[in-house]
Each structure stands twice: as structure tokens, then as C-alpha cells.
Amino acid sequence: MHESRSRWVFSPVRLFTIVFCLCFSASLAQTPNAKISGKVLNDQGKALELVNVFVVETAQGTTTNAAGEFQLSLPAGKSYALRFQYLGFQTAQRNIRPRPGEEIKLEIRLQPSAVDMQGVEVQGEAERGGNMVKIDPRISRSLANPSGNFEMVLQGLGARSQQELSSQYSVRGGNFDENLIYVNDIEIYRPVLMRSGQQEGMSFINPDMVGGVQFSAGGFEARYGDKMSSVLDVRYRKPEEFRVGVQGSFLGGALTVEGTDSSKKFTYLIGTRYRTLSYLLGSLDTDGEYFPVAGDAQAYFTYTPNRKWEFGLLANYNQNDFRVVPANRETVFGTVREALQLRIFFDGQEVTSFKTFTAGATATYKPHSLLQLKFIGSMYTSDERENFDIEGQWLLNQLDTELGSENFGKVAFTRGVGAFQDFARNQLTVQVYAFDHRGYWQSPALGYVQWGLRLQTERIADRLFEWSNSDSAGFAFPGWTLGDSVVRLRESIYARNQINAQRFSGYLQDSWQLNEAHNLQITAGARFNYWTWNNELLVSPRAEVSFSPRWRRDWVYRFATGLYGQPAFYREVRNQFGQLNPNIRAQRAIHYVAGADYNFKAWDRPFRFVTEVYYKDLRRLVPYELDNVRVRYLGENNARGYAGGIDFRINGEFVNSLQSWASLSLMRTREIVNGTFYRDADGNQVPAGYIPRPTDQLAMFNIMFQDLLPSNPTYKVHLNVVYGSRLPYGPPDYDRGRDTLRMPPYRRVDIGFSKLLIGEGSSWGKQGWGKHFKSLWLNAEVFNLLQVNNTISYLWVLDTEGFLQNIPNYLTGRLINLRLVAEF
């Protein structure tokens with residue numbers, strides 16, 4: 001079944017966009033610019049790459065290239081504060097007031113932090129040689145982002161997401177459960193029972209608190225944990241001055257307070273967020289009363305009594321309540337020749353609640369400059385409740401498609417009528433407690449040695465009680481007829497489960513340089529993991545090598561390989577009927593990743609081109625079906641498969657001082673599920689062979705582009721374009737062999753316009769009441785600019801002829817959002 005495509009027509013939103021752009025041209029006359037350039041070095045005089053350089057007053061910025069060089073162009077005759085930030089180093093600031101036509105050259109030397117977290121000095125020098133990509137966290141705060149989640153920026157780095165309401169993403173053929181996320185070395189978990197993006201609320205990561213981000217789409221080091229796809233390593237910043245940030249929009253608000261004491265030994269960073277999706281959900285096909293409310297509070301404290309010790313505390317409480325009382329739904333779908341209409345009249349409601357608490361305390365001891373010891377105690381608790389009892393009566397109508405007909409677009413006849421009922425009373429509690437030790441030793445003879453040990457205990461209690469039924473004019477799904485005396489439910493699940501288990505894991509790795517002339521570097525190590533619930537011991541060796549030939553052009557080549565095992569967590573252990581499999585084993589993937597990146601200049605500005613080709617040999621897979629964001633595993637290691645592809649990315653200053661990027665990912669992932677068959681033309685049963693995995697998506701294309709008015713940089717525009725090719729799906733029968741249909745492609749354009757109302761360079765300046773602000777920005781955002789009906793999942797009904805009809809569930813439509821961002 002094909003959905004109708006939206007057409008480009010004139011609309012008030014496009015008129016708004018045109019008028020806003022014309023307003024840009026009415027800005028102030030161009031002021032002569034000054035050129036500011038320079039070089040950023042560490043305390044030993046070595047160049048630092050990817051240092052964040054930004055102008056405090058205008059939020060313009062850039063990053064240094066491989067030689068540590070940067071360049072900015074700013075209107076002359078005004079005072080600016082240039083801030084230089086790099087993870088593991090103290091922030092530096094230079095105040096300048098350039099004259100018209102002046103060229104200012106700076107040399108900045110950054111000093112290591114009092115406690116060198118994770119030996120960042122070594123990593124900074126070798127960053128291009130590793131598989132971790134550094135991300136400028138400021139980008140996430142400027143994009144037009146319906147969900148407000150930080151993970152959206154990963155779309156340009158190989159991560160794939162098919163909906164705007166969720167923070168979940170897949171990487172190179174995996175699902176979200178295969179991704180590692182750390183915040184300040186504390187592993188982050190997410191709720192288990194979520195079914196849809198509407199229920200999800202906010203992700204753990206608060207974009208306003210982030211100071212540094214690194215991401216790897218595969219081939220990552222042994223020091224990172226036991227997952228098969230990717231790792232996202234987030235660092236919350238250490239404040240250096242008092243600051244308050246406030247923002248509010250139609251979708252919610254946020255408050256951030258940060259500062260330090262007079263001695264700079266104690267720092268605090270506190271953030272709270274509130275989000276409601278009622279405005280977004282109002283654009284869905286289902287009308288009703290939506291009450292989606294999500295809020296969280298986070299705090300990060302550090303205390304550094306001397307140069308040898310640092311203590312940290314991170315805490316997060318997140319509560320997400322989702323209540324909906326659906327009233328009716330009308331969805332039109334099909335083709336030009338066969339247009340169908342589904343109308344549903346609802347009764348009942350859905351109420352879900354997710355409450356999570358995460359906390360971690362760290363103590364870092366640095367006995368001397370070459371050795372660092374870190375100790376981490378962390379905990380995660382989750383209380384998840386899912387209650388719904390919804391009845392629906394539906395009509396499936398065929399519309400008149402005869403051009404010129406008086407009834408064109410109206411109901412021609414009814415193809416099916418029926419009803420369904422969905423019921424659930426589910427509750428899940430999770431408790432995870434862990435203690436970690438990590439060590440870092442810069443050995444003159446052995447290189448950069450890292451090790452770690454982790455002890456973890458987990459307690460999980462689950463009560464699962466849900467059922468559903470569906471019938472259509474004398475047919476029930478599946479197999480019920482009017483003559484039966486017993487109603488057969490389409491699905492009925494009742495289970496009570498408990499898990500009390502411990503995990504022991506650790507790693508050892510070393511990094512060293514073999515050939516300084518060609519910067520030949522090798523990192524090798526291994527992990528182990530033991531889970532008491534199934535008594536499985538897993539050992540995972542990993543290695544990567546990189547070198548930079550002394551060519552005229554600045555190229556770096558790298559190769560990584562390793563075994564990436566993923567011991568099961570509760571979601572993989574429980575099958576589709578709620579039963580636990582004590583014989584479940586870790587899924588495994590062998591990664592082969594080869595890549596290269598090239599630094600170059602265009603228009604006298606820095607750019608980087610990156611490409612990676614990869615292949616993953618997947619063994620002992622647990623097959624699953626994907627519905628919206630719900631991953632339902634089949635509970636057996638009865639599949640094997642592969643994922644392979646190539647990624648391309650170019651990023652740089654297409655517009656002076658603003659980072660933009662374009663990325664293209666091509667990928668294929670397939671699996672063989674034991675016991676999966678199809679019937680040929682003669683009715684014979686034939687093994688299905690390789691079938692698409694639920695995340696099999698051939699192409700993903702993303703553009704994130706930023707622009708400003710050269711004559712007045714207080715006006716900016718941010719454009720985000722995403723295209724994802726067709727994903728596989730099938731009927732909800734847990735038969736993976738039938739999941740070979742394809743959804744329409746995902747197409748989305750979001751655009752945002754911003755104006756600096758108060759701040760250096762603004763027309764208002766800091767006069768009167770404006771003197772209390774450091775900056776004040778007004779953002780106008782248009783979500784889903786082209787009004788494309790993107791499909792996230794399907795509703796299945798049986799018509800009177802006995803055929804299953806798949807009705808698309810669409811994502812949100814076009815909306816306008818206003819956002820005000822203030823800093824004091």
C-alpha cells in the first residue's frame with residue numbers, strides 16, 4: 001500500500017519564511033570588518049586541534065585546524081571577548097577591540113586542568129588517529145529541534161533516526177539498545193516499557209550543561225563498554241563564572257544556573273527542564289485530549305581541594321507522565337487510483353508514567369603527573385507504569401477518485417467495519433548499583449596505559465498483563481468466527497518476572513607511537529564481562545592503528561577491528577510472550593572499520609572530509625520486531641547476519657565562523673533467522689535465507705547548514721534537512737520472514753531564524769533594562785517545513801473480504817515555534 005505524496009503549494013508558512021528573509025535585507029548597513037587569527041597550543045607548545053573558539057557577545061565561533069590555527073572576521077570598532085575551550089584544559093579568554101581593517105594575530109596557550117580527566121592531553125594530540133569524533137556542543141542549542149533532545153546532532157555522524165519525537169537512534173544496522181551512552185564516565189540507562197515517541201519525554205542529556213562530546217559509530221576502544229554499535233561520551237562542563245540561562249517556547253522551558261566560589265575550588269552546574277508535547281501532538285491524525293508532561297532536574301558539583309584530588313557528584317531525576325484520551329481519528333492514504341479513508345471512534349484512555357533517578361559520585365587522585373586513579377560509585381532506579389484500556393470502532397471507506405465527479409474525494413462505499421480493544425496493566429522496577437575503578441598511566445616505556453574494573457548488581461521486578469482483540473464484520477484476528485462460543489484474543493500476555501544478578505567487567509588497553517615521522521599510532525586492548533544470571537564469560541579484544549603520511553596534503557588513515565559482545569539486559573532476556581530465557585547468550589559483532597580524513601582549506605576557511613567503510617559480522621543475534629520505538633525481542637539466539645556500508649561527511653565553515661556539514665550514509669544489513677520459511681509458487685516450504693533487519697535502510701542523507709548576515713551577524717538562520725530511505729516492516733505476528741514490506745522514505749526539513757536582541761553588536765545594545773542581560777536571542781522555528789506525512793508505524797485491520805489493510809500512523813505535521821533564550 002502506498003501513501004499519497006504531499007505537493008508543494010503556497011502557504012502562509014512559506015510567506016512567513018520569505019518575509020523573514022526579506023527582513024534580513026533591511027538590517028543595518030555593513031560595518032568594516034577586522035580579521036582575527038591565531039594559533040592555540042598546549043603548555044608544551046604543541047598545536048591543539050578542534051579547540052572551540054567563540055565570541056561571547058555574538059555566539060559566533062569556529063574550531064582550530066590540525067595546526068591549531070583559527071580565523072574569524074568581526075565588525076570593527078566594538079569590544080569582544082574571545083573564549084577558548086578544550087576538554088581537559090582550562091578555559092582561556094582574550095579581550096579585543098579591533099579597528100577597521102586591522103588584522104589581529106593571537107597565540108593562545110591552554111593549561112591542563114588541575115586534574116587531567118581521562119588523560120585528555122594524550123587523546124587531544126591523537127584525536128584524528130582515533131575512532132572518536134569530537135562534536136561542538138553549541139550546535140545542538142541552535143538547531144530547530146522539535147524534541148529538544150541533544151541526540152539529534154548525531155544524524156550527521158552516521159546515526160539514524162526516523163522520528164522527531166524520540167531521542168533513540170540506530171547506528172550502522174543496530175538498534176538503540178546497542179548504543180553506549182556515558183555522562184562523566186557514568187553509564188546512562190533508559191526506560192524499558194516505552195512504546196512510542198509521544199511517551200518518551202526528554203533524554204538524559206541536558207544540552208545546556210554539555211561541555212564536550214565525543215562519538216564513535218564503530219571500532220571503539222576497549223575502555224568503552226560491551227555494546228555492539230556505538231558509544232556517545234558526554235562531559236558536563238566545569239563552570240568558571242556565575243551565569244544564569246533561561247529559555248522558553250511553546251514546547252516548554254529550561255533554567256540553568258552555574259558558578260564557582262571565590263577560590264575556584266568548588267563549582268556547581270544546575271539545570272532543570274520542563275517539556276510538553278501537546279502543541280506537537282495536536283498535528284497528529286488522532287484527535288483527543290493530550291496531557292504529555294516531562295520534567296527533570298540535574299546537578300553537577302565538583303570540588304578540587306588541591307592539584308592531586310578532585311571530587312564530583314552528578315545527580316538526575318526525570319519524571320515523564322503521558323495521558324491521552326483519544327476521541328477520533330481520520331487518516332487518508334493509498335494511491336491516486338485507490339484512495340482509502342480510515343475513521344476510528346475511540347473510548348477509553350492511556351496513562352503511562354516513567355520515573356528515573358541516576359546518581360554518581362567520583363573521586364579522582366593524581367599522585368604525580370603520569371598517573372591518575374579514579375573511583376566511581378553510581379546508581380540507577382526506574383519505576384515504570386503503563387496502563388491503558390482503549391476501545392475503537394472503525395470504518396474503512398473507499399473514496400471517489402474520478403476526476404470531474406460531483407463526489408470527488410468523498411466516500412464512495414465502505415470496505416470494512418470493525419472494532420478493537422487494547423488493554424494493559426504493566427509495571428516494571430529496575431535498580432542498578434555499580435562501583436568502578438579506572439586508572440591512567442603515561443609510561444615513557446609502555447605508552448599510555450588505561451585499565452578499569454567494574455562491579456555491578458541489578459534487581460528487576462516485572463509484572464506484565466496485557467491483551468488485545470480485533471474483529472471485523474464477522475471476522476476476528478486471528479481465526480474467530482461468529483459460530484465460536486469462545487472469544488480468541490489476538491494477543492494475551494501475563495507474566496511475573498524477577499532478576500537478581502551481578503556483573504563483573506574490566507579492561508586493559510595501551511596506546512603507543514611507533515613512528516613519530518609518520519605519526520603511526522596503535523591502540524590495543526581487551527575487555528572481559530561475566531554475568532551471574534547465565535554464568536557467561538565474554539572476552540573482547542580490540543585494536544586500532546592510524547598513520548599520517550608526510551604528504552603535501554593533510555591525510556590521516558586508520559583501521560580498527562575487534563570483538564564487540566553485548567551481554568543481554570532485561571529487554572533481550574524477555575521474549576514476546578513475557579517469558580525469560582535463562583540460556584540467553586551475548587550477541588556478538590566483529591567490526592572491521594577503515595577510514596580516512598582530509599583537512600583542507602576552501603575560501604580561506606578550514607574544512608574536513610571524512611569517509612569510513614565498515615563491515616560487521618553479526619553472530620548469536622536475538623531477532624526482534626520494531627514498532628515505533630518499541631523493540632520486542634523474540635528471546636532466542638537463533639539468528640546471524642551482517643551489516644556493511646560506507647559513510648561520507650564534509651564539515652567546515654561554509655559561512656565564515658559558522659560550522660555546517662553534509663553527510664551521506666549507505667548501508668545494508670541482513671540476517672538469517674533459523675526456522676524462517678516462505679512458500680514458493682508450488683506451495684513448498686523454502687528457507688527464507690537472508691532477510692532485511694528492522695533497521696535495514698539503504699541511504700541516509702543529512703544537511704545541517706548555518707548562515708548569517710555579513711553586514712549584521714546578529715541575524716542567523718539554521719537549516720536541517722534529513723532524508724532516510726525505506727525501512728522494512730510487516731504484520732504484527734512475530735514472523736520475521738514476513739517483515740519485508742517497505743515504508744515510504746522519511747523526508748523532513750526544519751528551519752530556524754534567530755535574532756540577537758540584546759548583546760554586543762545588537763541594535764538595542766545593553767542599555768536600560770537590557771543591561772541585566774549578557775544576551776537575549778529570539779528564535780522562530782518552522783518544523784516540518786514541507787508538510788510531509790512521514791510514516792512511523794502501521795495499524796492493521798481486516799476488511800470484509802478477509803484482506804489485511806495496513807493504515808499508516810503519521811508523525812507530526814508542520815508547526816511554528818517561538819523560542820526566547822536569555823543569559824544573565
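Leu 537 is exposed, with a relative accessible area of 53%; exposed means over 50%, buried under 20%, and partly exposed in between, using a 1.4 Å probe and protein chains only. Leu 537 is found in strand E27, strands (at least two residues) being DSSP runs numbered from the N terminus. The model before you is predicted: local features need pLDDT of at least 70 and side-chain atom pairs count only at pLDDT 80 or more, while totals for chains, interfaces and linings use all residues. Residues are numbered from 1 along each chain as its sequence is written, and side-chain values use heavy atoms, leaving out hydrogens and water.

I turn next to the aromatic rings. The structure holds 29 aromatic pairs, where rings of Phe, Tyr and Trp (its six-membered ring) pair if their centres lie within 6.5 Å, and planes under 30 degrees apart count as stacked, over 60 as edge-to-face and the rest as tilted. For Phe 70 and Phe 84, the ring centres are 5.5 Å apart and the planes stand at 65°, so this pair is edge-to-face. Phe 70 lies in strand E4 and Phe 84 in strand E5, 14 residues apart. Both Phe 70 and Phe 84 are buried.

How are the rings of Phe 423 and Trp 467 arranged? Their centres are 5.5 Å apart and their planes at 20°, so the pair is stacked. This pair joins strand E22, which holds Phe 423, to strand E23, which holds Trp 467, across 44 residues. Phe 423 is buried, with a relative accessible area of 13%, whereas Trp 467 is partly exposed, at 21%.

Notes: Helices (H or I, at least four residues) and strands (E, at least two) are DSSP runs, numbered from the N terminus.
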